[in-house]
Each structure stands twice: as C-alpha cells, then as structure tokens.
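Please look through the structure shown here before reading on. The report is meant for a reader who is meeting it for the first time.

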Amino acid sequence: MSDTISRTDEELRIMRRIAMLAGSMAQVYFGKDDLQVYTKVNDTPVTIADRIANTYILEQLQQLLGLSLDRVLSEEKEAGQIKHDPLKSAQEPMRVWLAHEKFNAGDHHKEYWTVDPVDGTRDFENQKSTYSVMIGKVVNGVPVKGVVYQPYSQTEWFAVRGKGAWIKVGEGPSQRLHVSRIDRLEDATMVLSRKYKDGAQDIKREAAEAAWWKETIGVKDVLRSGSFGIKAGMVCQQQADCYINESNEAGIWDVAPAMVIVEEAGGRLTTRHGDELSFDPRNGWFLRDGALCTNGLLHKPFLDNYLPFAAGRKN
C-alpha cells in the first residue's frame with residue numbers, strides 16, 4: 001500500500017526530503033576514526049555531523065517553508081552550546097552556526113517546529129547505526145506531524161495526525177504502521193537504550209538491567225537500540241511492544257515527532273508515571289519525567305508493575 005499523505009501534504013513532503021538529505025550529510029561522517037566530538041554545557045556529546053545537519057535543516061526550513069528561526073526548537077540550537085570549541089577558534093567553514101539564536105516560546109508556543117539533527121549521538125559516536133534525524137510540528141501543544149529518518153538503513157517513519165503513520169525503507173513502497181496486539185507482559189518485547197559509560201562494564205550493566213526488567217516487570221525479552229525516534233519506530237512496526245526512557249534529559253525535539261507517529265500507529269506515549277506529556281515549551285524544553293511508549297494494550301499492566309519501583313529508579 002502506498003501512502004497518499006505526502007502527495008497531498010506538501011509540508012510533510014518537504015519535511016521528509018529535508019530529513020533524508022540531512023541524514024545523508026551526517027552519514028558521511030559515520031564510522032570515521034577521526035570524528036570530531038565536542039562536549040556541550042550539559043555534558044552530552046555533539047559531533048561535527050550534528051552541527052552540519054542542524055545548519056542544513058534550519059536553512060531549508062527557512063527557505064522551503066518560510067519559517068522564522070524563532071519558531072524552530074532545535075536541540076543543537078537551544079541546548080547545543082559547547083564548552084570548548086576548537087572549530088570556532090579555527091573559523092569553521094559553515095555558513096551558519098545558530099547556537100545564539102533563541103526559540104521564542106512566549107510568542108510562538110501555539111505553533112512551532114522541532115529538530116533533532118542526530119538523535120542518538122552516542123550511538124553515532126560509537127559507530128552504531130541506530131541514530132536518526134527527527135523533525136516535527138506542534139500546534140496548540142499537540143504534535144501534528146513527525147518524521148524520523150534512519151540514514152544507515154534508509155528507513156523513514158512518518159505521520160500526520162488524523163491521517164495515519166507510515167514506514168518506508170529505501171526505494172520500497174510506503175506501508176501503513178500498526179502496533180502489535182500483545183496484551184500480556186510475559187509475551188512482550190521491550191527495547192531500551194544502550195549504555196555508554198565505562199566500556200566493558202556496560203555489557204554487564206545492560207545484562208543486569210535486562211534481567212531486572214524480565215524478572216521484576218515481567219517482560220519476555222529486552223532489545224537495545226539508540227535514538228528515541230528509532231525505538232518508538234520499533235514499537236510502531238511491531239519489532240518491540242514497549243519502550244521506557246527513565247531519564248530527565250529527553251527533549252521536546254526527541255519526543256514530539258515520535259509521539260504523533262506512535263499515536264497514529266495505535267500506540268500510546270506518556271511520562272514514565274503514566275501522565276500526559278506537555279509540549280508547551282513555556283514549561284521547559286525537557287520532559288523531566290521520562291517517557292513510556294507502548295502498543296497501548298500494555299500501558300496499564302506495565303505501569304501496574306513498574307510504579308511500585310518508580311521512585312527508586314534513577315531519573
């Protein structure tokens with residue numbers, strides 16, 4: 001089945017095209033041993049690929065959709081300031097570096113755009129292919145359009161509220177997305193982020209964490225992936241049935257594009273405590289209570305088992 005929404009929705013077509021080309025730019029730097037990696041003021045990594053893709057996306061949103069940059073909430077624009085930036089001192093060869101530009105939440109919170117040029121930077125830095133480009137649109141606090149593009153596999157997940165969610169791989173046809181119908185945790189596959197802290201110990205930590213989710217929460221299996229958008233996409237295409245993000249560092253740019261895709265595929269996305277997510281940037285750019293993404297049927301049973309332990313879990 002081929003999608004019709006991109007043929008009738010020019011805005012979505014442009015979003016998809018921008019994401020694909022930005023992903024191609026990022027992919028040029030993937031796997032390079034001399035990849036330039038910097039540390040942002042919040043102690044998270046950013047690479048040259050993030051920065052080049054970010055610049056391209058913002059410029060294209062300006063040129064093709066006529067957007068003012070104060071309507072665009074971008075991770076590398078709002079939270080991308082770098083502690084020490086040798087590129088700047090060496091007069092980096094980019095036309096624009098937009099960290100000084102500020103999203104105007106006060107004026108434009110009713111309709112704005114979100115951008116994450118490389119979601120899953122730690123995976124990108126560690127030569128794991130599970131990173132993505134994410135672009136979304138939010139109107140009156142509700143994500144209404146979302147695009148997630150994984151350059152390595154050339155996989156797109158995209159949706160428009162009220163018109164369905166779709167997946168397209170390479171030159172293949174677009175196919176409608178539907179979450180699984182699994183309603184028992186003992187039959188469910190969970191997907192979690194990879195650990196990047198102390199090398200060989202990460203494998204042990206991942207194994208111990210997987211055992212906890214299986215034994216305590218009751219899921220059948222645990223997979224690992226990078227990128228909030230890709231993990232949400234895995235739930236949408238039935239590669240997984242649930243995903244939890246327990247951190248307090250997920251940004252609106254991580255979650256908004258994924259949310260419309262998840263909901264249009266029949267799933268549900270809330271905070272890790274089961275509360276509705278807020279996409280009003282006047283309340284902050286980060287979702288401080290994590291996120292829980294499921295096929296919908298598993299949401300209540302997951303929360304029933306998880307909430308007694310939630311307070312003791314790292315957030």
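The model is a predicted one. Its open sheet has seven strands in the order β3-β4-β5-β6-β7-β8-β9, and their pairing is mixed. β3 (72-74) and β9 (175-176) stand at the edges with a single partner strand each, so one side of each has no neighbour in the sheet.

| Helix | Strands | Angle to β6 |
|---|---|---|
| α2 | β4, β5, β6, β7 and β8 | about 35° |
| α9 (residues 228-236) | β4, β5, β6 and β7 | about 100° |

Helix α2 (residues 10-27) also packs with helix α3 (residues 48-65), their axes coming within 9 Å and crossing at roughly 155°. Angles over 145 degrees count as roughly antiparallel, and α2 and α3 are therefore roughly antiparallel to each other, in a crossing that is right-handed. Residues of α2 including I14, I18 and L21 take part in the contact with α3, where the partners include I52, Y56 and L61. The residues of this contact comprise 14 nonpolar, one polar and one charged.

Elsewhere, K300 belongs to helix α11 (residues 299-310). K300 counts as exposed because its relative accessibility is 57%, the cut-off for exposed being over 50%. The C-alpha atom of K300 is separated by 8.4 Å from that of G274, although the two residues are 26 residues apart along the chain.

How values were computed:
Residues are numbered from 1 along each chain as its sequence is written. This is a predicted model: local features need pLDDT of at least 70, side-chain atom pairs count only at pLDDT 80 or more; totals for chains, interfaces and linings use all residues. Side-chain values use heavy atoms; hydrogens and water are left out. Axes are lines fitted to C-alpha atoms, for helices over the stretch in contact, and angles run from 0 to 180 degrees between N-to-C directions. Helices (H or I, at least four residues) and strands (E, at least two) are DSSP runs, numbered from the N terminus. Angles under 35 degrees count as roughly parallel, over 145 as roughly antiparallel, 65 to 115 as roughly perpendicular and the rest as oblique. A crossing is left-handed if the near helix is turned anticlockwise from the far one by less than a right angle, and right-handed if clockwise. Contact means heavy atoms within 4.5 Å. Ala, Val, Leu, Ile, Met, Phe, Trp, Tyr, Cys and Pro count as nonpolar, Asp, Glu, Lys and Arg as charged, and the others, Gly among them, as polar. Buried means under 20% relative accessible area, exposed over 50%, partly exposed in between (1.4 Å probe, protein chains only). Two strands pair if DSSP finds at least two bridges between them.
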